[in-house]
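Dear colleague,

I am passing on the structure below, and after it you will find notes on what came out of looking through it. Please read them with the model open beside you.

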Amino acid sequence: MTMPLTIEEEVRQIGYVSRSAPKDKQELIDGILRMKQEKSAVILAHYYVDEDIQDLADFVGDSLGLSQQAAATEADMIVFCGVHFMGETAKILSPHKKVVIPDMNAGCSLADSAPADKFVAFKAQYPDHIVLSYINCSAEIKALSDIIVTSSNALKIVQSLPADQKIIFAPDANLGRFVAKKTGRDMVLWDGACIVHIDISLEKLNDLRAKYPNAKFIAHPECQEHILIHADFVGSTTALLNYVVEQPETEFIVGTEAGILHKMRLAVPDKKIIPAPANENNTCACSECPYMKMNTLEKLYNTLYYELPEIHVPEDIRVKAEASVLRMLEMSK
């Protein structure tokens with residue numbers, strides 16, 4: 001598979017004059033904010049990206065909120081700080097706007113787990129099923145789907161469908177199992193997973209809960225079932241954020257990508273927010289998405305300066321994908 005070009009490689013290929021981004025952090029931030037205004041750009045950022053980017057973004061949210069913002073924005077250019085499929089979703093919803101992302105190599109393990117050619121063959125085995133696909137998938141998978149869902153609205157959408165409607169749920173099997181268990185629906189699941197959420201260690205989690213016996217353990221439904229059964233609350237990233245704000249408890253162990261802890265700590269600075277531990281021994285002792293962390297201030301600056309790398313979606317795929325995404329947005333009202 002051919003790797004996407006970096007901004008620097010694309011700049012050289014096009015023949016633009018390359019220039020270096022400022023090294024000083026405040027100069028980077030000032031430049032980003034200035035160019036955003038000059039170019040009528042909106043910066044959308046996922047909860048999982050670096051906190052410096054979250055702090056200067058126009059909107060920070062989960063996949064549902066970001067999709068809604070991408071559909072509603074009046075800006076000329078959308079700068080999407082997240083991963084590739086999120087930029088694709090913005091382009092699907094706003095085809096006449098320029099959509100750029102800081103790093104074209106910022107992919108998604110979950111989206112990559114569902115190659116379109118294999119999914120076509122899988123879908124053909126169940127001709128009487130409709131396809132519900134989690135938004136963490138490629139434009140090609142969205143085009144093959146009937147309705148897109150997010151972790152915020154999957155339960156609501158499945159519950160709204162006729163009880164006898166047969167369903168394929170893709171690509172996240174853990175979210176699918178969670179939804180099936182909650183709704184009582186017998187769904188055919190594509191066997192995909194997010195490397196971040198399946199890396200939470202039950203053994204380390206038990207040690208952490210022993211250390212903080214009063215802490216509530218909350219988790220994202222992309223986690224594996226043997227983790228979710230221990231959770232006091234399971235919900236989308238936004239739902240987890242709302243939970244720590246609204247509940248009276250003062251200690252929380254959070255089972256999702258550690259980027260959300262920044263917003264949680266800003267919202268409830270008097271509460272103790274603890275990341276759930278990963279199997280991997282890393283510096284933060286938490287679950288981090290290596291793709292989300294590819295978004296940096298320097299790359300964001302360069303993206304605004306060069307208006308690269310730009311997201312493109314073939315029109316035949318975009319139109320089909322748009323139908324499934326718009327159906328989700330309509331059903332989420």
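**Charge and overall form**

The protein carries 33 positive and 46 negative side chains, and the centres of the two sets lie 2 Å apart; here Lys and Arg count as positive and Asp and Glu as negative, with His and the chain ends not counted, and each charge is placed at NZ of Lys, CZ of Arg, CG of Asp or CD of Glu. Please keep in mind that this is a predicted model, in which local features need pLDDT of at least 70 and side-chain atom pairs count only at pLDDT 80 or more, while totals for chains, interfaces and linings use all residues. Residues are numbered from 1 along each chain as its sequence is written, and side-chain values use heavy atoms, with hydrogens and water left out.

There are 16 helices and twelve strands in the protein, these being DSSP runs numbered from the N terminus (helices H or I, at least four residues; strands E, at least two). The radius of gyration is 20 Å, close to the 20 Å that the globule rule gives for 333 residues, so the protein is as compact as a globular protein of that length; the radius is taken over C-alpha atoms, and the rule is 2.2 Å times the number of residues to the power 0.38. Of the 333 residues, 55% count as buried, where buried means under 20% relative accessible area, exposed over 50%, and partly exposed in between (1.4 Å probe, protein chains only).

The 17 residues of helix α16 (residues 315–331) should span 24 Å at 1.5 Å a residue, and its end C-alpha atoms are 24 Å apart, which agrees; the expected span is 1.5 Å times one less than the number of residues. Among the buried residues of α16 are Ile317, Ala321, Met328 and Leu329, and the cover over its buried residues includes α4 (63–72), α5 (84–93) and α9 (154–160). Serine 67 is found in α4 and is buried, with a relative accessible area of 3%. Apart from neighbours within four places in sequence, serine 67 is in contact with Thr89, Leu93, Ile135, Met328 and Leu329, contact meaning heavy atoms within 4.5 Å.

**Isoleucine 218**

Isoleucine 218, in strand β9 (residues 216–219), counts as buried at 0% relative accessibility. Not counting residues up to four places away in sequence, isoleucine 218 touches several residues, including Phe233, Tyr243, Ile253 and Met264. The C-alpha atoms of isoleucine 218 and glycine 235 are separated by 7.8 Å, although the two are 17 residues apart along the chain.

Seven of the ten residues of helix α15 (residues 297–306) are buried, so α15 is largely enclosed by the rest of the structure. In the loop between α15 and α16 lies glutamate 307, which has a positive phi of about 60° although it is not a glycine, and which is partly exposed at 23% relative accessibility. Proline 309 lies in that loop too, and the peptide bond from leucine 308 to proline 309 is cis, with omega near -10°.

Most residues other than glycine have a negative phi, and most peptide bonds are trans. Elsewhere, the bond from alanine 170 to proline 171 is cis, with omega near -15°, and proline 171 sits in the loop between β7 (166–170) and α10 (173–183). Serine 40 has a positive phi of about 50°.

With kind regards
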